[in-house]
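Please keep the sequence and the structure in view while reading.

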Amino acid sequence: MIDWGGLVGPAWAAPGRADDAVDGVVPATVVRPGTVEEVQAVVRAAAEGRQALVASGRGAHLDLGAPPARLDVLVRVDRLARLVDHQAADMTVTVETGCSLACLAAALAAAGQWLPVDPPRPEDTTVGGLIAADLSGPLRASQGTVRDLLIGLRVVGGDGAVIRGGGRVVKNVAGYDLPKLHVGALGTVGVIVEATFKVRPRPAAEEAVVVACRSAREAADAALAVRDSDAAPLWLEVAGAGGLPEGPGAGAAVVVGLGGIGEEIAAARACVQRIAASLGLRAVPVAGGAALRARLGAFPVEPAAAVLKAATLPAAVGDVMERIAAAARGRGTGVRCLAHAPSGVVRAAVAESHAVAPLVHALRPELERHGGSLVIERAAPAVKAGLDVWGDPGPGLPLMRRVKAAFDPAGVFAPGRYVGAL
Amino acid sequence: MLPAALVARLRAVVGADGIVDRPEALLVYECDGYTLERAAPEAVVLPRTPAEVSAVLRLLAAEKISFVPRGAGTGLSGGTLPVAAPVMICTSRLDRIEAVDVRNQRVVAQAGVVNQWVTNAVRAHGLGYAPDPSSQPACTIGGNIAENSGGPHTLKYGVTTNHVLGIELALPSGELVALGGAVEDRPGYDLVGLVVGAEGTFGVVTRATLRVVRSPEAHRTLLAVFDSVDAASEAVSGIIGAGIVPAALEMMDRLIIQAVEAAFRIGLPTDAGAVLLIEIDGPAAGLDVHAARATAVCRAAGVREIRVARDEAERAALWKCRKRAFGAVGRLAPNYCTQDGVVPRTRVPEIVRSIAAVAQRHRLRIANVFHAGDGNIHPILLYDERDRDEVARVRAAGREILETCVALGGSLTGEHGIGVEKVAEMPLLFGPDDLLAMTRLRAVFDPEGRANPHKIFPDAKVCVETRAPRRQAAV
């Protein structure tokens, strides 16, 4: 038996309870290390004792991934939450990974800056979770994703050593780009303890324009017309029927986010209105663009049996949304879709649990045939059972297996959670 | 010596015109843009297709022969210097743009496609390929991927890794593997992100799916003239600190201004201490406001004069000066070597002062033309390779500059790579555990260590033959 309390202090180790479960698997122990050294001690002990661990922040996004094949200890890094260094004039920030995005955002906002990634639930989403789950939101349309903003990492590796990759400067090609390895890796190659990002100036103002459309396909086409215009949208979402939490009518829509100084927003708004008029559509400006963005980023707000994430080419978004809707109709379930249109990412909230597996089987092969993917992003363990949540990661899988073996030889980190049962 | 039978088999794969192995013809390949060290391969192989790359690698794998990939040879860190690698695989005949998908903003290019060709292929549709190294009329996509190349406009638009979505990699075993692809968010480790910047140590990149981006509606290009490098550096810090994100923010010091003006005669002030080339782009509606803010910061830093490019021709002339500055340096000395360190952007004034002190201490002339907005310096150390003492002083000065970059919280290289040039400095930046993790990653792709050996990592230094001095061609 490992004396976890001896490693992190007795107050910070406890038996796992039902609400600590990861996809239905309850860990024997939950530890909350308070220092990087304590994380190292926990990983070393786990490696020596052949114990499996899952790292977690506040647990907001643990639904992603397959249920762990084994789970002995849940390592919550929420006590590692220091803002290590914010060099406002350098536009970089270094933060421990237990810090929440809301907390980080508040510190950056004081300098007129932001880390422009906007996943749902920023209060409960930690920096570590952001990286490990590669979370994103509407802003990815213009600001990119975590991999574009992350410039350095400190990670506790499979042997307990702290590995540093990247650095604290915005441009750096010294050595391999190790931070990339951990983005979206779901904690399967190490416990991320500290991250450095480049940050950007916050736009002076945000606004949105909602363009009501007759179909998802029409909305997706209109979105590409906006992308290809001088509106330079900050974000650009396409909603299928019922995809918007509110808005003009229940039909499909394009929602265009605009950011910048007053002159820029005015010109962009006029540009979107011109495009809408030319397509015979109505464009309605909405004040409080940031609030609408947050509401869209929180999709789906209503309860759903599962959230599926389909990735396709930008020009195929409308088609994929219509195919999802048709497949759902055929299986007697409701579905609501919202897409990060320029990125080709479509989210579908499936109402009925019985329809999830048939939908995955109906949609995934066609998406994968064209280089896309379908991931079950969120579903109850009973719904996930018997389903491959990730699908085919492509011909790189043998290399991925070797990556996993190289960085986690003892099989400590979240076994079974990732693609190919890694 | 390569076995004659192997050379014959390689020739059978790539054709008689696809092998270079006469000693005089191999001289072209004995160095890239980094000329302090030279070594010729025993044979250069020029495959025409990814399948030929694969076949070549299978032949080399069977005999456990090491190789070095090479694109156009414009690299600046000796990344294509063959060190204990008898065969060079040159991608220059893999030169097809295979697909242009305007609606999805993707281009599929073979590794030997020249950077500039990608933009040329999509410009008519209002699109461009963002990474724009100064060597873009010559450098290849494969080389850009190996080095994770940048360029002036990466300040706003990102470097190569931000624009590569898929890679086909020929592993050292000869196996071709497609990583990533045209669609974003494919599940699985970001192997594409790992291959970019791996300096050819994972195998040979054969083709890539690139993201092309919409060109901005309008530009304002400003030339701000300062009496001193110090004042210009303060303006750089001020512009970034004020939350302005220029598309580019480049500095040239007096030595460079004089060389560039002698070469191009566009009326640069040769008595100025430094100039900043500031480009602001985006929607036309906001440009005047942003340009006025940048101008105000320059005024506060004591700018002597600000010129605004009145039309596209003037803008092009200013950029020609910047991008051909390295070539113009040929007027200053027979040889030069450029460093590529990075500092946090607010430390630009300090590093520039430190470079001046290093130049004085080592009795060297050092010119500066660099990506100031990124904190990515490019001090150009001038020398004459016939002067062995001066060469030694160049090496010592280069190391001191990099030590200072690291001490200021920066990095050894922003876009040129470690290559052979900076292997000895890697431990300044990374500890044994960090380097061990990287070598483990390398072994995932190249377990036998045959792909571009002796690069990046400080292993037992292999001696590279230094050949007879030769005048450096301007790049």
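A residue is called buried if 20 or more other C-beta atoms lie within 10 Å of its own, exposed if 12 or fewer do, and partly exposed in between, with C-beta atoms placed from the backbone. The model is predicted, so local features need pLDDT of at least 70 and side-chain atom pairs count only at pLDDT 80 or more, whereas totals for chains, interfaces and linings use all residues. Residues are numbered from 1 along each chain as its sequence is written, and chains are lettered from A and ligands numbered from 1 in the order in which they are written.

Helices (DSSP runs of H or I, at least four residues) and strands (runs of E, at least two) are numbered from the N terminus. Helix 14 of chain B, residues 388–407, has 20 residues that at 1.5 Å a residue should span 28 Å, and its end C-alpha atoms, 29 Å apart, agree with this; the expected span is 1.5 Å times one less than the number of residues. Its buried residues are Val394(B), Ala397(B), Gly398(B), Ile401(B), Leu402(B), Thr404(B) and Cys405(B). Seen down the axis of helix 14 of chain B, these fall within an arc of 155 degrees, and therefore line one face of the helix, the arc being that of the directions from the helix axis to the C-beta atoms. On the other side of this helix, Arg388(B), Asp389(B) and Ala392(B) are exposed. The buried residues pack against strand 16 (335–338), helix 13 (348–361), strand 18 (379–383) and helix 15 (426–429) of chain B, where contact requires C-beta atoms, placed from the backbone, to lie within 7 Å. After helix 14 of chain B comes Gly409(B), with a positive phi near 95 degrees.

Chain B as a whole has 16 helices and 18 strands, and buried residues make up 58% of its 475 residues. Its C-alpha trace spans about 70 × 55 × 45 Å along the principal axes. Among contacts in chain B between residues at least 6 apart in sequence, 73% join residues at least 24 apart.

Between the chains, 70 residues of chain A are in contact with 70 residues of chain B. Helix 14 of chain A gives the most to the side of chain A that touches chain B, with seven residues.

Chain A itself is divided into domain 1 (1–202 + 392–422), domain 2 (205–297) and domain 3 (306–384), with bounds from an automatic or database domain assignment. Nine residues of domain 1 of chain A are in contact with eight of domain 3 of chain A.

Note on methods. Two residues are in contact if their C-beta atoms, placed from the backbone, lie within 7 Å.
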